[in-house]
Amino acid sequence: MASLLTDPQGRENAAPLLIADIAALGLCAYIVRLVRRNKLQMASALLLALLYLGTVLPPIFYFGTIQAPNSLGFVVLVPLAGLLFGRRVMMFTFWVSSFSVTVIYLLELTNRLPAESTVDPIIEYYLAVLMAIAVNTALLRFTLRDSELSAERAQAAAATLALRNRELQVSKQQLEQARN
């Protein structure tokens with residue numbers, strides 16, 4: 001909505017943007033309602049979908065370039081998917097995001113985006129977005145793997161401790177029986 005006030009060209013596209021903003025606000029309110037009802041998987045999926053659409057649609061239909069500020073949403077989307085759903089969904093989101101960035105860049109390069117851009121396509125920006133997504137994904141993947149290994153070690157230590165505790169209890173009972 002703020003773009004309508006600051007962008008003189010935005011006033012001619014005011015109705016679709018206003019409808020999209022109101023729909024996004026309504027979806028955010030629904031996500032909050034789902035969280036309060038403890039439907040976290042559904043709320044998480046809708047949040048990811050909203051973030052994806054908010055990242056993909058403006059560069060295509062409004063800005064006409066991969067250099068739109070919304071493109072940085074891909075850098076947030078992948079780790080958020082990993083934290084909410086795990087490594088498989090994170091990797092799926094990585095590939096979908098990389099594909100989306102590539103498609104937007106190729107459409108921009110061939111002048112096939114619905115919105116006209118005022119800047120020329122720059123391959124460095126495209127590569128920077130891809131590299132940011134890839135590095136972010138790799139770091140989170142290693143962090144998640146390390147966390148899973150730490151959890152497995154903690155579970156193994158707890159199981160060993162429980163076993164030793166049972167052995168100690170048995171030894172204590174045997175000692176008491178030997179005294180009697």
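What is the mean pLDDT of the protein chain, and what share of its residues reach 70 or more? The mean is 88, and 92% of the residues reach 70 or more, pLDDT being the predictor's confidence in each residue, from 0 to 100. The structure is a predicted model, in which local features need pLDDT of at least 70 and side-chain atom pairs count only at pLDDT 80 or more, whereas totals for chains, interfaces and linings use all residues. Residues are numbered from 1 along each chain as its sequence is written, and side-chain values use heavy atoms, with hydrogens and water left out.

Because the expected span is 1.5 Å times one less than the number of residues, the 23 residues of helix 5 should span 33 Å, in agreement with end C-alpha atoms that are 33 Å apart. Helix 5 is followed by asparagine 111, whose phi is positive, near 55°.

Helix 3 (residues 40–63) packs with helix 5 (residues 87–109) at an angle of about 10°, their axes lying 10 Å apart. Axes are lines fitted to C-alpha atoms over the stretch in contact, and angles run from 0 to 180 degrees between N-to-C directions. Helix 3 is therefore roughly parallel to helix 5 (angles under 35 degrees). Tyr52, Val56, Pro59 and Ile60 of helix 3 meet Val96, Ser100 and Ile104 of helix 5, where contact means heavy atoms within 4.5 Å. By class, this contact has six nonpolar, one polar and no charged residues; Ala, Val, Leu, Ile, Met, Phe, Trp, Tyr, Cys and Pro count as nonpolar, Asp, Glu, Lys and Arg as charged, and the others as polar.

The axes of helix 3 and helix 4 come within 10 Å and cross at roughly 170°, so the two helices are roughly antiparallel (angles over 145 degrees). The contributing residues include Leu48, Tyr52 and Val56 of helix 3 and Phe74, Leu77 and Leu84 of helix 4. The contact of helix 3 with helix 4 divides into 13 nonpolar, four polar and no charged residues.

Threonine 93, found in helix 5, counts as buried at 10% relative accessibility. Beyond its neighbours within four places in sequence, threonine 93 is in contact with Leu77, Val78 and Ala81.

Key: Helix = DSSP H or I, 4+ residues; strand = E, 2+ residues; numbered from the N terminus. Parallel < 35°, antiparallel > 145°, perpendicular 65-115°, else oblique. Buried < 20%, exposed > 50% of the residue type's maximum accessible area, 1.4 Å probe, protein only.
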